[in-house]
Amino acid sequence: MARFTLPRDLYYGKGSLEILKTLKGKRAIIVVGGGSMKRFGFLDKTVGYLKEAGMEVELFENVEPDPSVETVMRGAQAMRKFQPDWIVSIGGGSPIDAAKAMWAFYEYPDTTFEQLITPFSFPELRQKAKFLAIPSTSGTATEVTAFSVITDYQKGVKYPLADYNITPDIAVVDPELAETMPPTLTAHTGMDALTHAVEAYVSTLNSPFTDPLALKAIDMVFDYLPASYEGDANAREQMHYAQCLAGMAFTNALLGIVHSMAHKTGAAFSTGHIPHGCANAIYLPYVIKFNAKTAAARYADIARFVGIQGDADDELVGKLCSKIDAYNAKLGIPKSLKEFGIDEAEFKNKVNNIAALAVGDACTGSNPREITPEQMAKLLTCTYYGTEVDF
Ligand code: FE
């Protein structure tokens with residue numbers, strides 16, 4: 001038996017934020033990040049609409065990027081004091097992810113992160129509050145997913161939380177919020193969305209329920225990402241929906257080794273952080289070539305769906321990779337880790353260790369082709385030098 005879970009309601013379109021006026025409840029806490037939602041006036045609007053709905057409103061502000069265990073615990077404590085029946089999270093992936101974890105600790109103060117990290121083992125939520133998410137970036141799709149990533153900075157560990165209990169009750173996909181994204185963030189988050197959809201489509205857990213969502217998302221990203229990057233408002237809007245469709249697919253079909261590699265290389269090098277979407281964009285064509293040994297037919301489906309011409313699966317897979325390469329070039333994304341600026345000696349030193357960690361990542365299990373640590377090290381080396389994957 002398999003399960004397919006999405007939020008109960010999804011509101012979309014310009015101005016859909018106004019749906020907050022109609023929420024029924026007594027108290028709402030708003031979980032938000034740095035300053036952009038405040039600066040652009042969306043935080044004030046959110047507060048105003050909730051007050052119009054007759055609710056008492058409290059703010060939990062300044063959730064940092066890659067939110068920490070401490071922030072989650074502080075938020076849960078604020079919730080226990082205020083006793084909200086709605087948790088409203090607004091912003092990029094970080095405040096929404098943090099709010100999901102706060103929700104669990106609000107309802108179950110005695111639980112621990114160690115208990116929550118076993119996938120799909122959460123206690124039953126919604127005993128005290130329901131959850132509404134409003135994304136301001138077009139990539140993570142955390143507004144529709146069962147996932148949250150919290151960092152323990154003391155232990156240097158990332159806790160990937162996964163449970164359908166933390167799939168939000170309501171997602172508000174209002175493109176006006178996404179208009180605030182700068183171009184580089186638009187490029188990276190857009191390629192993250194493309195990677196979500198491609199990995200979900202070829203995942204070992206793909207299904208007739210997730211396939212149409214993944215294919216449509218891929219087609220829309222190819223149609224709209226370049227213009228969205230250039231600031232076109234309609235393209236921005238379509239990308240906001242495309243990333244959400246991709247999220248609906250991957251929350252149910254899971255991901256693959258592009259994400260395993262991005263997770264384990266993101267913070268591995270002294271030359272600086274590789275943004276998540278940028279890492280995915282670099283790795284995606286190399287991983288397609290590796291996976292095509294066993295999943296060529298699925299990648300060929302994708303190629304045909306987006307209008308690529310060709311007969312043999314191999315030809316279609318090659319053309320799909322070239323198309324992704326061309327998009328990366330247009331979006332200012334480097335072709336290799338070397339071009340990104342990772343130091344060669346440091347890469348060589350660390351590659352075997354990173355490869356072992358990447359094989360052990362939670363996303364490796366649903367990848368369509370099995371991979372050994374030795375193969376992973378070889379694959380990472382190809383992404384470093386920009387060389388052909390032929391094994
Ligand atoms: Fe991602």
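Q: How many residue pairs are in polar contact across the interface of domain 1 and domain 2?
A: The model is predicted. A pair counts here with both residues at pLDDT 80 or more. Across the interface of domain 1 and domain 2, the number of such pairs is nine.

Q: Which elements give two or more residues to the side of domain 1 that touches domain 2?
A: Domain 1 spans 9–178. Two elements of domain 1 reach that level of contribution: β1 (9–12) and α6 (175–178).

Q: How many residues of the side of domain 1 that touches domain 2 are nonpolar?
A: Domain 1 puts 21 residues into the contact, and domain 2 puts in 14. On the domain 1 side, seven are polar and three are charged. The nonpolar count is 11.

Q: How many salt bridges does the rule find across the interface of domain 1 and domain 2?
A: The rule asks for a Lys or Arg side-chain nitrogen within 4 Å of an Asp or Glu carboxyl oxygen. Across this interface the count is zero.

Q: What area do domain 1 and domain 2 bury between them?
A: Of the buried area, 63% lies on carbon and sulfur atoms. The C-alpha centres of the two domains are 27 Å apart. The area buried between them is about 1,500 Å².

Q: Why does the radius of gyration of the chain agree with a compact globule?
A: The chain has 391 residues, so a compact globule would have a value near 21 Å. The C-alpha atoms fill a box of roughly 60 × 45 × 45 Å. The radius agrees because the chain has 20 Å.

Notes: Residues are numbered from 1 along each chain as its sequence is written. This is a predicted model: local features need pLDDT of at least 70, side-chain atom pairs count only at pLDDT 80 or more; totals for chains, interfaces and linings use all residues. Side-chain values use heavy atoms; hydrogens and water are left out. Domain bounds come from an automatic or database domain assignment. Contact means heavy atoms within 4.5 Å. Buried area is the accessible area (1.4 Å probe) that two parts lose on being put together, summed over both. A polar contact is a pair of N or O atoms within 3.5 Å; within protein, one must be able to donate a hydrogen and the other to accept it, and residues adjacent in sequence count only if both atoms are side-chain atoms. Helices (H or I, at least four residues) and strands (E, at least two) are DSSP runs, numbered from the N terminus. Ala, Val, Leu, Ile, Met, Phe, Trp, Tyr, Cys and Pro count as nonpolar, Asp, Glu, Lys and Arg as charged, and the others, Gly among them, as polar. The radius of gyration is taken over C-alpha atoms; the globule rule is 2.2 Å times the number of residues to the power 0.38.
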